[in-house]
Amino acid sequence: MKKELLNELFESYNDYKATSIRSDFITHQELKDKITLLKQNSLFTVEQIGKSIERREIYSIKLGKGKTKVLAWSQMHGDEPTATTALFDLFSFLSANDSFDSLRNSILQNSEIHFIPMMNPDGAARYQRENAFNIDLNRDALRFQSDESQLLWKYTEKFKPEFGFNLHDQNSYYTAGRSNNPSAISLLAPPMDHVKSINYTREKSMQVILKIREALEQFIPGQIARYSDDYEPRAFGDNLTRAGIGEILIESGFYRNDYNKDFVRKLNFISLLAAFETIIEKDYEKLFYADYFEIPGNMQMLFDLLLRNLKLEFNGRNFIVDVGINRTKKYNLQKLEFYYEGTIAELGDLSVFYGIEEENLEGYSIQSESELKVDEPANFQIIKDGETKYEVVNGFLKSR
Ligand SMILES: [Zn+2]
């Protein structure tokens with residue numbers, strides 16, 4: 001996609017943003033309300049394709065009359081809603097009429113795109129990764145025990161798309177390569193076997209990914225990563241690659257200060273439009289697929305909070321330790337609000353790592369009623385000259 005067009009899309013995004021839904025949370029009811037509105041627009045064909053284990057409706061939204069078939073589904077992990085919300089921004093973009101008409105008309109005339117937003121509504125209702133009986137749908141593409149996995153597989157078999165977009169969220173501790181740059185977006189052309197063979201199908205996915213990277217690079221330089229391509233025989237992406245579908249995994253990661261995921265949602269919008277355009281124009285074919293491996297790997301180099309050089313007293317001796325703390329975002333279904341659970345992720349020499357927030361506390365000591373331990377809640381005091389200077393409460397650093 002041309003740079004000028006990308007810039008215009010980036011600048012105009014707010015005109016299409018479905019502002020009634022937040023980027024980090026969407027209920028099944030909100031989804032249904034949004035889909036009901038789409039039904040009133042002749043551009044969209046809405047179909048209820050099945051139900052989840054707990055009988056929540058799952059829909060596909062179809063548009064376009066062209067010959068290139070594309071499928072995109074989101075939120076097969078219930079607590080990964082960013083892309084679901086971005087899809088509604090995309091629907092609002094595709095149904096508008098304005099200076100972007102040539103792009104949207106080209107997409108609508110040359111492709112047939114089916115979207116399945118919120119593949120795992122039961123998991124979404126619990127704000128958890130797994131489905132209603134607590135299995136990971138993305139590890140059920142061999143045994144097909146859950147209704148949702150069966151539905152997705154049957155849908156792809158029937159529709160036979162050329163490309164399939166599998167849309168997820170990933171944790172904030174991933175970085176683009178060995179750096180302190182969080183991966184805002186990470187991308188994967190899933191492998192089809194343990195030796196990570198590259199056939200024509202996978203090569204095409206890699207080339208489209210290179211186009212997505214090219215589109216994003218000017219907005220988030222150095223913050224795009226290549227997701228691990230270890231083969232997972234039970235995952236959808238790997239099996240769909242085997243079945244000849246050009247699979248593209250997009251993971252919405254963390255962008256600094258974007259705790260509500262509004263910016264990463266916008267990056268999804270840009271990524272998908274850039275991908276659809278190149279799939280139609282076929283200009284991805286000009287790229288050398290192996291440049292895909294130049295994209296920095298998705299690495300785990302970050303903690304949410306990293307406290308360096310603290311003194312730890314044990315058995316009357318003093319030791320120097322760094323404390324790496326991660327905060328897990330959880331949802332309280334009674335109070336309808338998010339909360340964090342801060343735990344100690346690692347203790348010891350963490351000098352090779354980085355913190356989204358970090359503090360050098362040389363000369364300060366840890367004071368704690370219970371032993372500091374990995375995987376335990378992060379609550380302790382930090383003292384100097386006998387006085388409490390800081391407090392770590394549930395993974396957050398507070399000065400006293
Ligand atoms: Zn996921």
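The legends below describe close-up views of a predicted model.

Because the model is predicted, local features need pLDDT of at least 70 and side-chain atom pairs count only at pLDDT 80 or more, while totals for chains, interfaces and linings use all residues. Residues are numbered from 1 along each chain as its sequence is written.

Figure 1. Helices (H or I, at least four residues) and strands (E, at least two) are DSSP runs, numbered from the N terminus. Along its principal axes the C-alpha trace spans about 75 × 45 × 45 Å. Of the 400 residues, 46% are buried. A residue is buried if 20 or more other C-beta atoms lie within 10 Å of its own, exposed if 12 or fewer, and partly exposed in between, with C-beta atoms placed from the backbone. Among contacts between residues at least 6 apart in sequence, 73% join residues at least 24 apart. Two residues are in contact if their C-beta atoms, placed from the backbone, lie within 7 Å.

**Figure 2. Domain 1 (3–300) and domain 2 (302–399), as given by the domain assignment.** The bounds come from an automatic or database domain assignment. Between the C-alpha centres of the two domains the distance is 35 Å. Six residues of domain 1 are in contact with seven residues of domain 2. On the side of domain 1 that touches domain 2, three residues are nonpolar, three are polar and none is charged. Here Ala, Val, Leu, Ile, Met, Phe, Trp, Tyr, Cys and Pro count as nonpolar, Asp, Glu, Lys and Arg as charged, and the others, Gly among them, as polar.

**Figure 3. Met-301, in the loop between β10 (298–300) and β11 (302–314).** Met-301 is buried, because 20 other C-beta atoms lie within 10 Å. Not counting residues up to four places away in sequence, Met-301 touches Thr-175, Arg-178, Ser-179, Asn-180, Phe-353 and Tyr-354. Phe-263 is 38 residues from Met-301 in sequence, and their C-alpha atoms are 22 Å apart in space.

**Figure 4. Helix α6, residues 147–159.** The 13 residues of α6 reach 18 Å from the first C-alpha to the last, close to the 18 Å expected at 1.5 Å a residue. The expected span of a helix is 1.5 Å times one less than its number of residues. Buried in α6 are Glu-148, Ser-149, Leu-151, Leu-152 and Thr-156. Seen down the helix axis, the buried residues of α6 fall within an arc of 160°, so they line one face of the helix. The arc is that of the directions from the helix axis to the C-beta atoms. An α-helix has 3.6 residues a turn, so residues three or four places apart point the same way. The cover over the buried residues of α6 includes β1 (45–51), β2 (57–63), β3 (68–74), β5 (163–169) and α8 (236–242). Glu-157 and Lys-158, on the other side of α6, are exposed. After α6 comes Lys-160, with a positive phi near 50°.

**Figure 5. Helix α9 (residues 262–281) and Thr-278 within it.** The end C-alpha atoms of α9 are 29 Å apart, which agrees with the 28 Å that its 20 residues should span at 1.5 Å a residue. In α9, 16 of the 20 residues are buried, so the helix is largely enclosed by the rest of the structure. Thr-278 counts as buried because it has 22 C-beta neighbours inside 10 Å. Leaving aside neighbours within four places in sequence, Thr-278 is in contact with Val-208, Lys-211, Asp-283 and Tyr-284. Just after α9, Lys-282 takes a positive phi of about 60°.

**Figure 6. Asn-257, in the loop between β9 (246–252) and α9.** Asn-257 is not a glycine, although it has a positive phi of about 70°. Asn-257 counts as exposed because it has 8 C-beta neighbours inside 10 Å.

**Figure 7. Asp-375, in the loop between β15 (365–367) and β16.** The phi of Asp-375 is positive, about 75°, although the residue is not a glycine. Asp-375 is exposed, with 8 other C-beta atoms within 10 Å.
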